[in-house]
Amino acid sequence: MHQHHAGRHRLTAMLAGAAESFDRLTVSLSPAVVAFLRRLLRAWSALSVPLLRGAVMLCMGMSLMVLAEKVLLGTVSAAANVLRRRQRRPATHDVPVQPDVEAGGGSSACFFPMVLVQIPMYNEREVYQLSIGAACRLTWPADRLIVQVLDDSTDAAIKELVREECSRWASGGVDVRYEARKDNAGHKAGNLTEGMRHAYARRCEFVAIFDAEFQPSSDFLARTVPLLVRDPGIALVQARWEFDECMLTRMQEMSMDYHFKVEQQAGSSLCSFFGYNGSAGVWRREAIEESGGWDDRTTAEDMDLALRAALLGWEFVYVGDIKVKSELPSSVRAYRSQQHRWSCGPALLFKKMLREILAAERVSAWKKLYIVYNFFVTRRVVSTFFTFFFFSVLLPAKALFPQVRIPAWQMVCVPTATTLLNSAGTPWRRSAHLVVPWIAFENAMALHRFKAILIGLFEAGRANEWIVTRKSGNSRPTPPGLKRRRELHWLELLVGALLLASGCYDCVHGHGYFYLFALPQSMMYFAIGFDLLGVHHTS
C-alpha cells in the first residue's frame, strides 16, 4: 500500500512538472492553440491509465494464446518422437539400389524414378561450388538424375564461373543443365517456374530444391524419395537444416531448432501440413502442377505453394533425422532483410488467401482451424506483436505509471514458461550460456518482424521487396584493421533509448526490479541498432 501511494505521489509530481513545462512552452502560441493543447493534455492524463490497463488485459489474453499454442505443439512433437522411437519404423532409404544400377545401367528405370535437382542462385560467388558439387555427388543412377542450375546472376563474371563449374561436372558424367534467364522477373518463384518449362524437367517425377548455400549429403535422395514413392498422397518431404556457428547465428539456430523440431514436427503429425521451408525438400511434380505452380505474388513463394497444395488435399511429411548443411545470415543487415521477407510474405499471403482457405472443400474444418488460428494468427501475428509490445512498450510504460498493475503470473510465470517451451529443441549443454542474450535478441527482433507484418497486411511499399540474403561460404571475416561502414537502425536505437531511460528511472525511483530486465534489453537494442552483432565478410 505504501508503494502504491508513493507511486501515486510521484505521478502527481510528474504531471505538475509537465504542466509547468507546458506553460513555459506555450507562451508564444495563440490562445486557441494553447486551449486545444491543454484539452489534449487533460485528455491524455485521464485516458493514459485506463488505456494502459486495457493494454494489460489485451496482453494477458495474447500471452495465454501463445502459451497454449506452445504447449500444444510441444506435446504433439514430444509424443511423435516417443512413438517414432517405439515403433522403430524401417529406414527410409529402402529403395532397392543395386551396384550395376548405380553405375548407370539401363535397368535403373525399373527401380528409380526420374529426379530433378533445382539450384536457384543469384550472384552466389561464395557458395556456388559448394551447392553444385553437393548436388552432383548425390547417390542416384546417373541416367535418372538431372541437376539443373538456375542462374539469375547479374554479374557476368559470376555467370561465367557458374557455367564453367557446370561444364566441369558434366564432363565427369553428371547430367548438369545450366539455365540462365534474360531477367530475374518473379525472383526465385519466376526462376523455378522457368526451370520447370524445359522438356527434360517435365519428364521428372520428383523435384528436389536446394538454395545455393545448401549442401545435401550424398544419401539425401535415397532417404527422402522412397517416402514419396510409397505414398502417392504425399506431395512434399521436408528435411531439417543444420548450420555453422558464430554468436549471431547460434542465437538464430536456437529459434530454428524450435521451428524444425517442434513446429514442423507437430504440423506434420497433427494434420500433415506445415510451411515448406523453400529448400532441402523434395516435391512431387504432379502436386506442383496441380496447385498452379510457383507464384511470385508474395515473398513467401514456398509457403504459398505449400498452402495451395494443402488446400487440394495433398499431405506433407517432415523428416527431422535427415539434416542438410546450410548457413544462416552472419550479419545483422543480412538477417534483418531475411526476417523482413519471412515476416512480410506470410502476412501478405494470409491476407490474399484467407477466403480461399475458409472456402476449401477438400480439407477438414480442423485443418482449416489449424492453418488460420495456429499457423497464421497465433504463431505469426499475435506472438510477434505480444513479444514486442509487452516487453518493449508496456513494461517501460508501467514503470512510469505505477498504479497500473500487472499480475506476477503474467509478468513472470507465462513468459518464463513460454521461453522454456521455445528452447525445447535446443541442446542445453552448448546453449545454456546464450539463453539470456537469445531472449533479448528475439525481443528486439520482434520490433522488426512486427513492422514487416504490418507492411504485408497493408501491402505497403516494401511488401514485395526481395533482397537476396548475403552468403559467406568460404569467404574470410573482415580483418581487424579494415574499417567497415556500419549501418544505423534508428527505430531500434529509439526503443533502446526509451528502455534505458525507463530502466534508469525504475532503478532510481521505483520499488520493483524492472530495471534488471530493461537495462540488458536496451543494450541488445543498441547492439542491433549500431550493427555490432555478427561476422562481416569480404569476398
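Analyst: Let's begin with a term we need: an axis is a line fitted to C-alpha atoms, for helices over the stretch in contact, and angles between axes run from 0 to 180 degrees between N-to-C directions. Please keep in mind that this is a predicted model.

Two packed helices are described by the angle between their axes and the distance between the axes. Now try this on a pair: helix H16 (residues 435–457) and helix H17 (residues 490–509) have axes that come within 10 Å and cross at roughly 130 degrees. Angles over 145 degrees count as roughly antiparallel and 65 to 115 as roughly perpendicular, so H16 is oblique to H17. On the H16 side, Leu447, His448 and Lys451 make the contact, and they meet Leu491, Glu492 and Val495 of H17. The crossing of H16 past H17 is right-handed.

Buried means under 20% relative accessible area, and His489 has 5%, so His489 is buried. Its contacts, once neighbours within four places in sequence are set aside, are Val332, Arg336, Ile528 and Gly529.

Next, the sheet. Seven strands make up an open sheet with mixed pairing, in the order S3-S2-S1-S4-S6-S5-S7. At the edges stand strand S3 (176–180) and strand S7 (315–326); each has a single partner strand, so one side of each has no neighbour in the sheet. On average, neighbouring strands here are turned by 20 degrees against each other, ignoring direction.

Zoom in on S4. S4 runs parallel to S1, and four bridges join the two; across this pairing, Leu116 stands opposite Val207 in S4. With S6, S4 pairs in the antiparallel sense, again over four bridges, and Ala208 stands opposite Val282 in S6. Moving one strand along, strand S5 (residues 234–243) and strand S6 (residues 281–284) are antiparallel too, with three bridges; there, Leu236 has Trp283 in S6 as its bridge partner.

What about the two faces? In a regular strand the side chains alternate between the two faces of the sheet. S4 is covered on both: Phe206 and Ala208 are on one side, Val207 and Ile209 are on the other, and all are buried. Helices lie across these strands as well. Helix H6 (residues 187–196) lies across strand S1 (115–121), strand S2 (145–151) and strand S4 (206–209), at about 145 degrees to S1. Helix H8 (residues 220–230) lies across S1, S2, S4, S5, S6 and S7, at about 155 degrees to S5.

Lys70 belongs to helix H2 (residues 31–87). With a relative accessible area of 6%, Lys70 is buried. Between Lys70 and Asn422 there are 352 residues of sequence separation, yet their C-alpha atoms are 7.4 Å apart. Tyr258, Thr418, Leu421 and Asn422 are what Lys70 touches, not counting residues up to four places away in sequence. Thr418 and Asn422 are among the buried residues of H14, together with Gln410, Val414, Pro415 and Thr419. You can check the length of H14 (residues 408–422) yourself: at 1.5 Å a residue, its 15 residues should span 21 Å, and the end C-alpha atoms are 20 Å apart, which agrees.

Methods. Residues are numbered from 1 along each chain as its sequence is written. This is a predicted model: local features need pLDDT of at least 70, side-chain atom pairs count only at pLDDT 80 or more; totals for chains, interfaces and linings use all residues. Side-chain values use heavy atoms; hydrogens and water are left out. The expected span of a helix is 1.5 Å times one less than its number of residues. Buried means under 20% relative accessible area, exposed over 50%, partly exposed in between (1.4 Å probe, protein chains only). Two strands pair if DSSP finds at least two bridges between them. Contact means heavy atoms within 4.5 Å. Angles under 35 degrees count as roughly parallel, over 145 as roughly antiparallel, 65 to 115 as roughly perpendicular and the rest as oblique. A crossing is left-handed if the near helix is turned anticlockwise from the far one by less than a right angle, and right-handed if clockwise.
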